[in-house]
Amino acid sequence: MLKIGVFGCGAIGGEICKAIDNGQIEAQLYAIYDRHEQSLNRVKSSLENFDPEIMEIVEMVREVDLVVECASQQAVYEVVPTALHAKCDVMVVSVGAFADTQLLEMTENIAREKNCRIYVPSGAICGIDGLISASAAALHSVTLTTEKPPGGLRGAPYVLENNIDIDSITGRTVLFEGSATEAVQAFPANVNVAATLSLAGIGFDNTRVRIVVNPALTRNIHEIAVEGEFGRFTSRVENVPSPTNPKTSYLAPLSVISTLKKLTQSFNVGT
Ligand SMILES: NC(=O)C1=CN([C@@H]2O[C@H](COP(=O)(O)OP(=O)(O)OC[C@H]3O[C@@H](n4cnc5c(N)ncnc54)[C@H](OP(=O)(O)O)[C@@H]3O)[C@@H](O)[C@H]2O)C=CC1
Ligand SMILES: O=C([O-])CC(=O)C(=O)O
């Protein structure tokens, strides 16, 4: 059975651990890690069938077959190269880190050299399957519009650096427009989906991102528009936010769970 280590035990990590524990994913929850003891204890007490060991990353990669990073962009710099050097596969959700082209090239090179896999789930957006299919021919444009309630954007570096009082905004307001490279740096915990789109499509500098705050919303909306030789498509998802982290949509952990299931099943559907 696949031995999994979960690095980061917040909204996403907690759901993944539960899905392995309840048998939805046929794998062994071997190790977990988080910098907060409280988060580790919360996860441990939610489990009925597994009692994973708490392991720092260097030890974890020696013991497991796959590490799931669900912590932060900063964690990607430590977790991904460490895992690959130890010939351990890795799944990444803080995908925005790959806007750093040096990190992206380095990790691709190590993965190739060590014959390992880096998995990036679709996360909180719909349409990655279609974009990947369409990318086999020329793509002309990829645009993401993300619209969240204030709680979904509060505390982002862009908001703090520009002294935006997000809670005093009364109507739908465009906060940011730029490339995916700029978006994932300005909003590192809010639009990792822009990075996933970039990797699947036309790259970080060519993918356009608009970020909107809307106090009337209770859901996180991501709208994607793609044009290319294949034609054009749009997708729109209205995501329920995670109860423990309003920035993160519930679809994100579900996407990781489904990608993990794909790895352990013999019958797979979708691009
Ligand atoms: N690809 C996608 O579609 C999506 C990606 N995400 C991203 O996924 C990641 C996880 O999201 P979520 O579970 O909601 O986040 P949470 O904040 O709920 O949980 C992350 C946990 O990991 C901890 N952590 C962060 N960095 C480190 C580190 N270097 N070492 C040890 N522990 C660390 C955090 O601590 P602390 O609070 O101190 O940072 C926190 O306890 C985030 O980067 C988020 O932006 C989220 C939604 C969608
Ligand atoms: O969960 C979401 O709606 C998107 C998100 O936070 C991210 O991509 O970082």
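1. The model is predicted: local features need pLDDT of at least 70 and side-chain atom pairs pLDDT 80 or more, while totals for chains, interfaces and linings use all residues. Residues are numbered from 1 along each chain as written, chains are lettered from A and ligands numbered from 1 in the order written, and side-chain values use heavy atoms, without hydrogens or water.

2. Two further contacts hold for ligand 2. Asparagine 190 has a polar backbone atom 3.3 Å from an oxygen atom of the ligand, and serine 249 places a polar side-chain atom 2.5 Å from an oxygen atom of ligand 2. On its own, ligand 2 has 270 Å² of accessible area (Shrake-Rupley, 1.4 Å probe), of which the protein covers 94%.

3. The surroundings of ligand 2 (residues with a heavy atom within 4 Å) include Ala124, Lys148, Asn192, His222, Lys247 and Thr248. By class, this shell has four nonpolar, six polar and two charged residues; Ala, Val, Leu, Ile, Met, Phe, Trp, Tyr, Cys and Pro count as nonpolar, Asp, Glu, Lys and Arg as charged, and the others, Gly among them, as polar. Helix α9 and strand β10 (220-228) each give the shell at least two residues; helices (H or I, at least four residues) and strands (E, at least two) are DSSP runs numbered from the N terminus.

4. Which residues come nearest to ligand 1? Of the 27 around it, they are Arg35, His36, Ser72, Ser94 and Thr248. The shell of ligand 1 holds 14 nonpolar, eleven polar and two charged residues. Helices α1 (11-21), α4 (73-85) and α9 (192-200) each contribute at least two of the shell residues. Domain 1 (2-123 + 251-264) and domain 2 (128-245) each provide at least three, with bounds from an automatic or database domain assignment.

5. Polar contacts of ligand 1 involve both side chains and backbone. Histidine 36 has a polar side-chain atom 2.5 Å from an oxygen atom of ligand 1, and a side-chain N or O atom of aspartate 34 is 2.9 Å from an oxygen atom of the ligand. At valine 93, a backbone N or O atom lies 3.0 Å from a nitrogen atom of ligand 1. Taken alone, ligand 1 exposes 920 Å², and the protein buries 83% of that.

6. One open sheet has six strands in the order β3-β2-β1-β4-β5-β6, with parallel pairing. Its edge strands, β3 (53-54) and β6 (118-119), each pair on one side only. Valine 90 stands opposite isoleucine 118 in β6.

7. A second open sheet has five strands, ordered β8-β9-β7-β10-β11, and its pairing is mixed. Strands β8 (173-179) and β11 (231-239) are at the edges with a single partner strand each, so one side of each has no neighbour in the sheet. From one strand to the next the twist averages 10°. Within this sheet, β7 (residues 139-148) and β9 (residues 208-213) run parallel, joined by six bridges. Threonine 143 stands opposite arginine 208 in β9.

Terms used:
Polar contact = N/O pair within 3.5 Å; in protein donor to acceptor, adjacent residues only side chain to side chain. Pairing = 2+ DSSP bridges. Axes fitted to C-alpha atoms, helices over the stretch in contact; angles between N-to-C directions.
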